[in-house]
Amino acid sequence: MENVIVIGGGPSGYTAALYAARANLAPIVLTGRVLGGQLSLTSEIENFPGFPGGLGGPDLMERMRQQAEHFGAVVKYEEVMDIDFQPGAHHLVTDQGEYTTKAVIISTGSSSRLLDVPGEEPFFGRGVSTCATCDGAFYANQKVVVVGGGDSALEEGTFLTRFASHVWIVHRRDELRASKIMQDRALNNPKVELVWNSKVQEVVGDKQAGVTGVRVENVVTNEETVLDADGLFIAIGHIPNTKLFEGKIELDEQGYILTDRRQHTNVPGVFAGGDVQDHVFRQAITAAGTGCAAAMEAEKYIAELEG
Ligand code: NAP
């Protein structure tokens with residue numbers, strides 16, 4: 001019987017593991033195969049307090065992992081395949097073994113939403129990207145499309161003008177969801193062109209040249225155009241990684257885990273932190289904060305369980 005199993009190796013999971021380890025609970029962290037969560041896809045983090053010069057996402061994750069391990073957390077690169085929540089003895093099946101544990105902390109994060117159009121999947125990582133900060137530099141003096149109308153799309157579009165010669169931002173409506181400041185920044189940039197009322201229909205290209213264009217349809221006029229772009233950046237929001245918990249734990253209508261203000265889920269002994277339960281802030285520091293709170297509550301829960 002384990003004390004605490006943390007599912008997920010991003011800022012929430014590693015912070016939960018650090019706190020649980022320092023409380024002598026010998027936590028196990030099951031990271032799955034994508035190490036470091038979404039931060040591992042981020043090149044430079046300038047808003048994590050304590051690092052005034054900024055640092056790389058993978059670097060921050062590596063430091064968090066080392067710090068948790070230093071105090072006794074055991075990190076395993078195992079993927080949780082099934083889970084049976086039984087208060088007092090939760091049972092987890094991974095791709096490599098089985099565990100029974102008093103408490104579970106879910107920090108499985110979220111993943112980028114995709115378009116589900118022809119060409120997206122075959123060109124993913126070869127012209128189609130969900131991370132401008134990771135891949136923007138590959139598009140020096142080239143043309144790119146960003147799809148989405150929220151803060152992410154406009155932030156990524158503006159960022160991409162550092163490299164690209166032209167940035168189309170394709171949005172499905174005639175009004176942006178993004179904040180005023182993000183809109184002003186993007187719309188005042190001479191390299192940015194907004195393509196309103198339009199949906200991406202296809203990513204065009206071939207094996208040799210990679211992406212050569214993005215076919216869009218104007219939803220008002222039904223007119224189709226191929227934008228001669230070399231890359232497509234998808235910034236249309238995120239989906240929480242909660243498939244494993246459907247029907248087993250209370251989720252909101254978008255699939256995020258519902259937690260109370262102390263990171264408790266509706267199942268005793270099961271806590272959640274980070275993006276899997278937060279579609280508002282979605283920051284490394286808020287994920288770390290809720291991971292910390294989840295671990296402190298798990299510690300209290302175990303102490304009460306052992307009476
Ligand atoms: P978001 O606010 O949910 O925006 C998603 C955008 O993608 C919307 O414009 C939406 O269109 C569009 N969209 C969704 N599904 C689509 C589809 N299938 N096809 C085409 N377009 C689609 O997501 P986000 O921009 O990632 O932002 C998430 C949160 O993080 C927000 O709270 C945001 O403020 C915050 N954020 C903040 C910053 C910052 O302040 N620096 C930066 C990035 C993100 P509709 O508008 O028509 O629904």
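How many of the six residues of strand β1 (residues 2-7) are buried? View 1 has the answer. The model is predicted: local features need pLDDT of at least 70, side-chain atom pairs count only at pLDDT 80 or more, and totals for chains, interfaces and linings use all residues. Residues are numbered from 1 along each chain as its sequence is written, and side-chain values use heavy atoms, leaving out hydrogens and water.

**View 1. Strand β1 is largely enclosed by the rest of the structure.** Five of its six residues are buried, so the strand is largely enclosed. Buried means under 20% relative accessible area, with a 1.4 Å probe and protein chains only. Strands (E, at least two residues) and helices (H or I, at least four) are DSSP runs, numbered from the N terminus.

**View 2. β1 pairs with β6 and with β2.** Strands pair if DSSP finds at least two bridges between them. Five bridges join β1 to the parallel strand β6 (residues 98-106), where Thr101 stands opposite Glu2. With β2 (residues 28-30), β1 pairs in the parallel sense over three bridges; here Ile7 has Leu30 as its bridge partner.

**View 3. Meet the shell around the ligand.** It holds 17 residues, and the closest are Asp151, Ser152, Arg173, Arg177 and Arg282; a residue is near if one of its heavy atoms lies within 4 Å. Helix α4 (residues 151-160) gives the most to this shell, with three residues.

Methods. Buried means under 20% relative accessible area, exposed over 50%, partly exposed in between (1.4 Å probe, protein chains only).
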